[in-house]
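Dear colleague,

Please find the structure below, handed over for your use.

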Amino acid sequence: MTYVVTDACIRCKFMDCVEVCPVDCFYEGENMLVINPSECIDCGVCEPECPAEAILPDTESGLEQWLELNAKYSAEWPNITAKKDAPADADDHKGEEGKFDKYFSAEPGEGD
């Protein structure tokens, strides 16, 4: 089992999760984070840290697309281990529906 980041992270990207991860398995895209499922040790400390509730265990139904997306982009985006400031409008997008279709970007973030 692993944890995955879902579209709830898009345009929120709070990064509270990054600081608590003991194995540094988060990777930064332009407007969201992903978890490398091969590196995640299933400790679960990141899940309650996410204000957007974007991190879920992959055992929940319907998360297959997010597991694939996390695996794909964690291989392409830079690793991030230190929390940065969330986007200025992050709270405006918290809880918004359909964010993947509206806002997803495959562009990498800056990483550490």
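**Threonine 2 and its surroundings**

Threonine 2 is in contact (heavy atoms within 4.5 Å) with Ile35, Pro37, Cys40, Leu56, Pro57, Asp58 and Leu67, leaving aside its neighbours within four places in sequence. Threonine 2 lies in the segment before β1; helices (H or I, at least four residues) and strands (E, at least two) are DSSP runs, numbered from the N terminus. With a relative accessible area of 4%, threonine 2 is buried; buried means under 20% relative accessible area, exposed over 50%, and partly exposed in between (1.4 Å probe, protein chains only).

Please note that this is a predicted model, in which local features need pLDDT of at least 70 and side-chain atom pairs count only at pLDDT 80 or more, while totals for chains, interfaces and linings use all residues. Residues are numbered from 1 along each chain as its sequence is written, and side-chain values use heavy atoms, with hydrogens and water left out.

**The nonpolar core**

A nonpolar core is a set of buried Ala, Val, Leu, Ile, Met, Phe, Trp, Tyr and Cys residues joined through side-chain atoms within 4.5 Å. The largest one has 33 residues, of which Val5, Phe26, Met32, Leu33, Ile35 and Ile55 touch the most other members. At least two residues of this core come from each of β1 (3–5), α1 (16–20), β2 (26–28), β3 (33–35) and α2. Beyond four places in sequence, isoleucine 55 is in contact with Tyr3, Val4, Val5, Cys17, Phe26, Ile35, Cys46, Glu47 and Cys50.

**Asparagine 70**

Asparagine 70 belongs to helix α2 (residues 64–74) and is buried, its relative accessible area being 0%. A polar atom of its side chain lies 2.8 Å from the backbone nitrogen of isoleucine 35. Not counting residues up to four places away in sequence, asparagine 70 touches Val4, Val5, Val34, Ile35 and Pro37.

**The segment after α4**

Serine 105 is in the segment after α4 and counts as buried, at 11% relative accessibility. The side chains of serine 105 and glutamate 30 are joined by a polar contact of 2.4 Å. A polar contact is a pair of N or O atoms within 3.5 Å; within protein, one must be able to donate a hydrogen and the other to accept it, and residues adjacent in sequence count only if both atoms are side-chain atoms. Setting aside residues up to four places away in sequence, serine 105 touches Glu30, Asn31 and Trp77.

Glutamate 107 is also in the segment after α4 (99–103). Leaving aside neighbours within four places in sequence, glutamate 107 is in contact with Gly29, Glu30 and Trp77.

**Positive phi values**

Lysine 13, in the loop between β1 and α1, has a positive phi, near 45 degrees, in a residue other than glycine. Lysine 13 is buried, with a relative accessible area of 7%. Aspartate 42, in the loop between β3 and β4 (55–57), has a positive phi of about 60 degrees although it is not a glycine. Aspartate 42 is partly exposed, at a relative accessible area of 30%.
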